[in-house]
Amino acid sequence: MYHLTALVTLLAIAFYFFTCINVARSRDKTGVKVPAMSGHPDFERAFRIQMNTLEWMPIFLPALWLFATYISDAIAAGIGVVWIIGRIVYFIGYSKAAAKRSPGFAIQALAAMALWAAALGAVVLRMT
């Protein structure tokens, strides 16, 4: 069983849901009406945070689960928590200014790439 990886998966989905709610709140606060996708910098940053999180989830989630399956549930979950922390740092920084998004982006990208590379290595090793 992969209880820890499942928990991290649910936390990642909860964080994504939070970013969706943040976009809706930002629409109300800034007056950007549906279906507009631009119009106020605060809204645009909130929307990009949501979209960037969505763009990374198909990279992060399969790598997380492959790592858990081939290497370790606990280590996968630990690296997954680092990914979520990176997304939170990204959210906080980008919410203030676009130029402040880089540290969080780097944290989550490194975590995702570590999961992916280790999972790839484990799969290849098992094939030989």
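The structure holds 2 salt bridges, a salt bridge being a side-chain nitrogen of Lys or Arg within 4 Å of a carboxyl oxygen of Asp or Glu. This is a predicted model, in which local features need pLDDT of at least 70 and side-chain atom pairs count only at pLDDT 80 or more, while totals for chains, interfaces and linings use all residues. Residues are numbered from 1 along each chain as its sequence is written, and side-chain values use heavy atoms, with hydrogens and water left out.

| Salt bridge | N to O distance |
|---|---|
| Asp42 with Arg45 | 2.5 Å |
| Arg48 with Glu55 | 3.3 Å |

Asp42 and Arg45 are both in helix 2, 3 residues apart, or about one turn of the helix; helices are DSSP runs of H or I with at least four residues, numbered from the N terminus. An α-helix has 3.6 residues a turn, so residues three or four places apart point the same way. Asp42 is partly exposed, at 34% relative accessible area, whereas Arg45 counts as buried at 15%, where buried means under 20% relative accessible area, exposed over 50% and partly exposed in between, for a 1.4 Å probe and protein chains only. In the other pair, Arg48 is partly exposed at 30%, and Glu55 is partly exposed at 44%.

Asp42 and Arg45 also belong to the lining of the largest pocket, together with residues including Asn22, Ser26, Thr30 and Ser95. A pocket is an open set of points on a 1 Å grid over the protein atoms alone, where a 1.4 Å probe fits, with protein on both sides within 12 Å along at least five of seven lines, and lining residues have an atom within 4 Å of a point. The space in this pocket is about 180 Å³, a volume being the space filled by probe spheres set on the grid points, which are joined across faces, edges and corners. Helix 1 provides the largest share of the lining, 5 residues, and the lining as a whole divides into 2 nonpolar, 4 polar and 4 charged residues.

Helix 1 has 28 residues and reaches 40 Å from its first C-alpha to its last, close to the 40 Å expected at 1.5 Å a residue, the expected span being 1.5 Å times one less than the number of residues. Among its buried residues are Phe15, Tyr16, Asn22, Ser26 and Thr30, and what covers the buried residues of helix 1 includes helix 2 and helix 3 (73–96), with contact meaning heavy atoms within 4.5 Å. Gly31 follows helix 1 and has a positive phi, near 80°.

Definitions and conventions:
Helix = DSSP H or I, 4+ residues; strand = E, 2+ residues; numbered from the N terminus. Nonpolar A, V, L, I, M, F, W, Y, C, P; charged D, E, K, R; others polar.
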